Each structure stands twice: as structure tokens, then as C-alpha cells.
Amino acid sequence: MTAPGRYTPARNTLRRARIGQALNMQLAVEALRAREELLELLLRHADNADIRFDSLLEWQVDSVCSIAQVEAIEPDLDRLIVLLLCIRILANDGQFARMRTLKHRLRSIATRFEVERTYLYASTDALADILDGRTGRANARMSRVLGLERNSDATASETIAQPKTTENLHDLLGLAALHSAFSAADRTSLSNARKIAIASNNPVLLAFSDSVESLIDASAAASTIAHTSQNDPTFQTPQLQRYLAERGVDTLFPSQIHAIQAGITADVDKVVALPTSSGKTFIAELRIAATLARNPGCRAIYIAPYRLLSRQVETALRSGLRPLGYRVADLGSSYDTEGSSDSLAYGIPDVAVTTPERLDALLRLSTTTRAGSDEARQLLASTRVVVFDEIQLLGREGRGQKFELVLTRLRMSYPSIKVLGLAAATFGTEILADWISGDEPVTGARRPTGTIELRWETSGRIMQRVGNVESRITEISRSSASDDAAKLILQFDSEYAPILAVMVSRPLAESLARKVLRASPAAGRIWRDSLQASERELLDAAVEEVRTLLGDSHHLASLLQEGIAYHHAGLPAHVLRHIENLCASRIIRVLCATTTVAEGADLPFRVVVIPHLNFASSTNRLERDLYLNIVGRAGRAGVAMEGMVFVLETNARTLKNWVRNTLWNSAAPSAVTGRLDDLLSESTLSYSPEFEEFKTQVLAWIGEAGNQIDDQSSVLANATLTSRRDLGAARTVQSLVGTALRQLENEGLARSASPYALTDLGSRSRLAGLSSFSCRQLDQLIRGPYSSFFQSLIGIRQITEDQAIGIASLCLSSIESLANSLWLRVRHSNSDAAEYTLREIVAGRLAWPSSDEMYASDIRLLSQWIMGASYTALGQIAPTVPGGKGLFRGTDASKRSSDASEYLGRLALPTSWTWSAAKAMLGDTNDLIPVFVRQCIEQGVASETAVRLVTTGGMTRNAANIVASALGGDWILARTILIDLADDSLQGLSISTLDSQRLIRFQQQIRNGDFV
């Protein structure tokens, strides 16, 4: 059913009113009249509606949102009645996320009755608490007002008797009925109140009774305990009944109910394709809880493809599964066979959270006899379910191709493991689901919250999208994209904070943050004054840590003090976590970020602004799948009834009309399917990072499930997602596998023995995980000039400066490290030219840049990073690169320290991976080299003690190096000293307040025996 024609203008009027309201603009709209027209229609729906979840159409839900949110000049009682009607309609439809956001409006209107109608005030405020999930608080408050219990905390309005007017008696009856319904589950008083309301023609009491009845009925219909127990007998056990009771999630979204009814908690393969913010993580938690309960001693692995998402998932699962006593641990994010063993050193967790890259390393390690292989085998062999979040990424070029092959290898090596795929794509997942489960995906639910999409034309017109129709909202003059974005952000008041601006690059993110500050010099002080004392303490602690890590005069510290931040890969991990936590607590008002927070992050943004469209992609434009992910950041469940997304249009020739024609195209997106066949053109090049990754995946598979299979090319190809698309794709993948096998044979890593088998070099390269070129080059180095160097590292606990230089030189000897070097960035400004240079080096037509000055700077910077030099110091010793933009260009100290953070942040991962690869190439003697060296390269510290303080104690690298200097580099000795050290001695170290707290907390954990 579409919106009846006579109501469409009213709906558009109300949408325009609420957008204008958000923008603090007094638009000439007749909101009250339009609302009354829509109320006429919705009242008929409410009178006829039973509890039927997701029965409302989108336009009806949107109309309810408008009616609930638009401010209109009217009597307070009328406003309350309207809100109660909206609660009733939303409850009947299972729109719990939207309904709960009305708690703020209920509290606001409740205060209007506090003096004259205390009982109505109490019941309205209690209903707001109930919507907020604080039923116990509501019951206690109502008990005091009703005189059922008294304590010293009771306020004057809670103890003063009200005049015995009919009005107050009806208010008292409503309060008593609400209390009885929620404290004693007795609805008799509620039923009586409704009868009296009808008999006395009391619309407030009637609306109150009806809304509470609907809320109770809808909550029962969406009961978590009821649905899980009915659809999975495992949840009927006392253990899981207690877990659900303590978990605190009493009701489910309709999307979650649909998934549970589809059997996602059973031991089966499934793909759940639901919109963002639909509660997929909780669905996964229920599946994990049921699987572990059904299979005592088994384990679960949760794959999160982004580091931020991984941290959020680990926190959520650790908190959620705590009542069951399950241990949840993050195994890390990068490819690292050494780190994989170290991350399991404290025991194998019941639930391991990891990235596809770390899972790749675990699979390879499990087939060896190296340190940590027993634990890796035990984890994988005991795993019964793998949850793969954001599984639609398998359909993307780049990392998606790696993800596809890692998941293929896992399923072939451990066919008993069941896969639960969680996809944010709501269309086009049929091929993916067929590959995973041989069944249809679980789909069909709407997002629990809404999104208003708007585009700001270069002419100044702001257009809204309603289905397939656009309409004008208002007009605001345009100038430049960044200036316009700053102006738009400042239109919103603090109710909408934090506002997210998604930028295409780090410089633009920082520039916009500074423009927002310059355009609102007084707003920061007002914002800071509005914070609670505890919130200011958190903000000040973050500012202190930014200054400690990046320098006293760093721009970000000044911005944070004004409630503004930016977020990108050029910031240290500790700073990024501070910004994320401040956003989560709504302590900052504006965040300017690259796509680091656009994919999968669950942060409380109500408004998202996209100032530019020229994002890095194969088309150099914002693609629709990324746009939909960005849209998903606005208006998350529990944050707002709906989010707003503003896209600023441009007249650039390649981007003109891109929003209307592509981003707002209502056609179903293309199917999520594998992209391995895209590598066909790459396979003929002398060097292609994508095809080298494909080859190392094939190499890994030969050492796992593929070493006893005759027709290796067809068997591996047929097991991939890409081959499910059509026969042509399957033949292409088979051809690619054959090409990879022949190249591996030519490079000495495999031998054709029907089937192909690994050579000794291939076995070592397989664990290394780097390209064939890098593995062969490292093999020559460690058996030549570096043979004695490794011997000198046996038994060390502290890295010397000479050793750091040697480590840095070796780590920069892989093509993967060179691809992230300053040498390559300075030499080439675009990726195509850079990749051409790397191909020339691999082909032998261009020499390795060993004697180049900029390459020497790479070695010097990496060695100083390992020795613990601060970002400020690294920025000072880095060469000044000619030109106006890019790394280390110019002399601004703040920029150079950020440049150092970005540069080492990118270089640390491939160089630490290269170090582990070099150790893998050593063969059996690799276990004699201390594991902590790899972590020194990755973390930027110089000793075993400093590594422990960073990785286990959670300290910043600056503080870890200072404390390690005081305690000594040998962790066994340092641990003994730390246990016996008095607290006041720890306080005397020159480290930040937060690092002092972390150190004291770590010391106490060691004393308690939590860490070895």
C-alpha cells in the first residue's frame, strides 16, 4: 500500500519541518495542520492494529517519526497524548529502537506537570524510564510517590499530597495501574483505568492505558527468552535461562526474531543478511552461547575484518558471555605466526576474536611443528562455529579476494566447522548464502531506525529523498566543499552531537576540523561548560595523552579541548581509542574522519556529512556499497529515531549527478560474489600484489588440505565462492590456480609430483606468507650476510642501537615493506607508477635501492622507532621532502609528528611481518630467536619488558620505554621488581596520569596471578 495521495503533501511537510528543526531553521511550514492530517490516518490504523511486527509500511513509520519529533505549538496534554499514540503504534509494529528514543521527549514533557499534576508527572517520567530499560528505577520511584515505601531520598513532589480533584484521581489511577503492571505483572488496574477513561471521556488516561497495554503485549511478543527457548531447546537449559535473564536484553528486534526463527542458533551454516544496526552481534552471541552449551569443551571464532570493529566486538562479547564463564580474547589483527603463538600463551580462549589475516596465520602455523602450533591446532580442531562479520566484503576487490581464499581453506581443512556469516548487504547475497549453506540467506527485515538522505546542490538547494521522489527542503548558499561542510555542521545544536564528517583524506579531515574550530570560537567553551566533571576528566586525560605522544603543541590537543577531533591512520592506536571512547560517550561534538570509522563502527552519530565524492576506489568516486555503509553510521539503534546524511554535490565533470544517478539509485545492488576472476589480467605481470597474495594462498593450501589431492586446480577452484557464479568464472579460477602452481614451481617453491608438493623452500615460504620474490630474497640474506646476525640475537632481552639498525635493514628487504617506504612515496606520487617501479625491481630491470639516500632514511627512522624515539623526535630526524603536500613536507612540528605516526603506523606492519617471515625462512632454528623482537618492531619499543607493558599492560609506547628503562629489559626480572615496587615509586615516573593508572592496574593483576 502506498501513501494515499491526499496525505503525501502532509508527510512531505512534516519531513521538511523536522529537517528544518534539526538545522535550527524556521522554515515556513504548517506543521500542526499537516500533523493532524496524518494523525487522522494513523488513528484509524492504531484502532485496528494488533501486535503484528513489521506490518507498517515505510511511509507509515516515517509519518509516525515525524509526528513524534516535530515541535508544534499546542497544549502540553495534547502533546503527551500524541507521544503516547506514537508509542502505541511503534510498539505494535515492533519498532522498539525508534520507540525507546521517545524517552527524551517524555521526560521533557513530564517536567511540565511536576508541580500541578505530580501523579501525571511521575507516571510519564516512569514510562520514560521503562522505555530506557530501567524498570527497577521506575518501580521504586512509583512506589515512593504512591506511599508504598518512603526513604530519605524522596523529593518534595513525591511526598506532598495532591488535591483530590477528578483530574488528580485519574492521574493517580494511571500511576497505580502502571506500577501494578510492571512491578507485579498485574494488568487488572490497567484494564480498569481504561474503562474509567472511556466512561469519563479522559483522553490522557485512555492514551496512557492503551500505550502501556501495547508496550506490555509487544514486549511479551518479542521476549528474548520466549523466542530462543521456543526455537532452540538448548536455551531451555537452566544455564542458558540464567544467562538470558542476566544478559539484560529482554526484547528482540523483529529482524532478530526472524533470524532466530530461521534457526541461526542451531549447529548449521547460515548467512544472515540484515541492515546495519539490526543487532547482528547479539545474534552471533546467542549462536555462540548455544553452540558452546551444546558442545562442552568446544570453541568459537569471531572474525571481524576491521580493527575498530574487532575491539568493539571483543568488548561486547566479553561483557555478554561473562555470566556463562566463557573467556573471550582478541588474538590480534595482523598476519603474524609468532604473534599467533604468543596470543595463545595465556591459554586458548573459549571465544577467539580475530581478523581474517590472523586466522590465515593460525591456519598455516597449525600444520607445522613451530612454537604455538599445538595451541593453533587445538583451537581450530575444537572450534564448532566461525562467525564471519561483514561477510559481504568477500565481494570486494582487494582484501575480499584474500578473505574468500582464507575462508575456503578453513572450510576445506576443517569441514566440521559451521559458518555463520553476518552481512550488512540486504540484497544480492543469494550466491554467497548458497556457497556457505546451500540455502537462502536470512533476510527480509527493515532497519530498526531510519535515515533521512539529503543532497546539497552547488546551487544551494537542499533536496531530500523520499523513496524515489525528491523534494526541496530549503536553500543555503554554497562556496567551497570544506567551508560549506563546516557551516553545515555548525547548524546543528548539541542535541545532535557528535556529528561525523567522512573525508577522503587525512589532510582534508584535519583541515575541516580546524575550520569548524575557527568558525565557532565560542562554541567550544559553551560545550565544555556543559560537560559533567567526570566527562571533563576523560577529555583532559585524552588531551594529556595526545600531548605526551605527539607533542605539547599538537593541533589535535587544542581541537579536543574545544570538543572537536579527527580520526585517521596517522594517529597512534592509543589516541584513536581515546577519540572512539569520547565519541561513544558523546563527549566531543564533531569528528572529522577518513573511512576508518565508516565501516562497521558502532558509534552514536545522528548526523553524517560527506563533503567530497572523489574517494579512493577503482573509479576514484564514492561507490554505492561504501556509501551505504556510511549511511549506516547515522542513527544507530539506541541513539536516535533516525539519522541524517548530507552529501555535498560537485560540478566536477566526472562526479556531476553522481548522487542522484548512482548513490541514490533505487535499483537493487549487484550480487555479492567472489572476485577472484578479476585477477586474470594480474597473473601475466612480473609482479602484482593481488596475484602474489593469490599465489601465497595457493601455497598455503597445498600444505593443508591440498597436499593429497590429484586434480588440485579444479578442486580448489570449485571450492571458492567465485566459481559459484557461473561456469565461466569457475574455469577462470581453475586457470588461475594452474598458473599459480606453475609459477610456484618455476620459483622453486613447489614441485610437480602429481599432485604438486612443497619444496623445502616452499614449506618455509608458506609459513612466511610473503610474496615469492620476498621469500627468496630473505632466504638469500639470512643464509648470507645475516647468518651471523641472527646468532647474535639468541637470548637477548633488550635491543641495542646496532641491532636495531640491522633489524631495520633486514625488515626493509621485502617488496611488501618497500611498497610502504618513504623512498617509494617520494619517488612516485601515484599508485600506478609506484606499482610499475616494484614490478621493474622484481623483474630485475631495476636495482634494489640499497644506496639511495631516502632508503637510508627509511632504515634510520625504523631503527629509531624500534629504539623508542617519540613521534616528535622521529618527525625531527625525518628528511624534509620537497613539495607542498605529503609526508614530511614542510617544517610544521605538529604535522611532522603526525606524519611520523602515519608513516611508522603503515611501515611497522609489513616490516614486522617481514621479520617473522625471515625467521620462518630460518627453519627449525627460528624458535631460538626471541619472539618479542617482532613485537618491538610493531609496537616501537626496545625490550621484552616494554613489549609486555604495551601488549598486556595497555601502556603507551612512550611510557613503556620509560618504565622498562627503570625496571630493566628482562621481563622475568622486571616482573619480580614490579610486584615488590611500592605504589608511590610508580607514581614518581615521568609518565602520563593514564599510564600511571595502567601500570598500577597491571601491577595488581600480576600480583593476583592474572599474567605470567
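**Notebook: rings, cores and a sheet**

I began at helix α31 (residues 689–702), where F691 and F694 both sit, 3 residues apart, which is about one turn of the helix. Helices here are DSSP runs of H or I with at least four residues, strands are runs of E with at least two, and both are numbered from the N terminus. The model is a predicted one, where local features need pLDDT of at least 70 and side-chain atom pairs count only at pLDDT 80 or more, while totals for chains, interfaces and linings use all residues. Residues are numbered from 1 along each chain as its sequence is written, and side-chain values use heavy atoms, with hydrogens and water left out.

**Entry 1: aromatic rings**

How many aromatic pairs does a search of the whole structure find? I noted 13. F691 and F694 form one that is stacked, at 5.5 Å centre to centre with 15° between the planes. Phe, Tyr and Trp rings (for Trp, the six-membered one) pair if their centres lie within 6.5 Å; planes under 30 degrees apart are stacked, over 60 edge-to-face, and the rest tilted. F691 and F694 are both buried, meaning under 20% relative accessible area, where exposed is over 50% and partly exposed is in between (1.4 Å probe, protein chains only).

Next I looked up F789 and F790. Why is this pair edge-to-face? The planes stand at 70° and the ring centres are 6.2 Å apart, so the pair gets that label. F789 has a relative accessible area of 14%, so it counts as buried. F790 is buried too, because its relative accessible area is 2%.

I returned to helix α31 to look at T696, which lies in it. Is T696 buried or exposed? Its relative accessible area is 4%, so T696 is buried. Leaving out neighbours within four places in sequence, T696 is in contact (heavy atoms within 4.5 Å) with R364, G769 and L770. I also checked T696 against L744: they are 48 residues apart in sequence, and their C-alpha atoms are 9.0 Å apart in space.

**Entry 2: two cores**

The largest nonpolar core has 184 residues, and F492, L622, F694 and W915 touch the most other members. Such a core is a set of buried Ala, Val, Leu, Ile, Met, Phe, Trp, Tyr and Cys residues joined through side-chain atoms within 4.5 Å. Which helix gives the most to this core? I found that helix α43 (residues 893–922) does, with 12 residues. I listed what F492 touches, not counting residues up to four places away in sequence: A22, L23, N24, I499, V607, M644 and F646. Another core lies apart from the largest one; it has 139 residues, and L38, L80, V204 and V351 are among them.

**Entry 3: the open sheet**

What is the order of the strands in the open sheet? The 6 strands run β1-β6-β5-β2-β4-β3, with parallel pairing. Its edge strands are β1 (270–273) and β3, each pairing on one side only. Strands pair if DSSP finds at least two bridges between them.

I then went through some of the pairings. Strand β2 (residues 299–303) runs parallel to β4, joined by 4 bridges, and Y302 has V353 as its bridge partner there. Strand β3 (residues 328–330) also pairs with β4 in the parallel sense, over 3 bridges. V353 turned up again, as the β4 bridge partner of D330. Strand β5 (residues 383–389) is joined to β2 by 5 bridges and the two run parallel; I303 has F388 in β5 as its bridge partner.

Most residues other than glycine have a negative phi, and most peptide bonds are trans. I looked for exceptions. The peptide bond from A497 to P498 is cis, with omega near -5°, and P498 is in the loop between α23 (481–489) and β10 (499–502).

N201 is not a glycine, yet its phi is positive, about 55°. I found N201 in the loop between α11 (188–199) and α12 (203–221). N201 counts as exposed because its relative accessibility is 66%.

F888, not a glycine either, has a positive phi of about 55°. F888 lies in the loop between α42 (871–877) and α43. Its relative accessible area is 1%, so F888 is buried.
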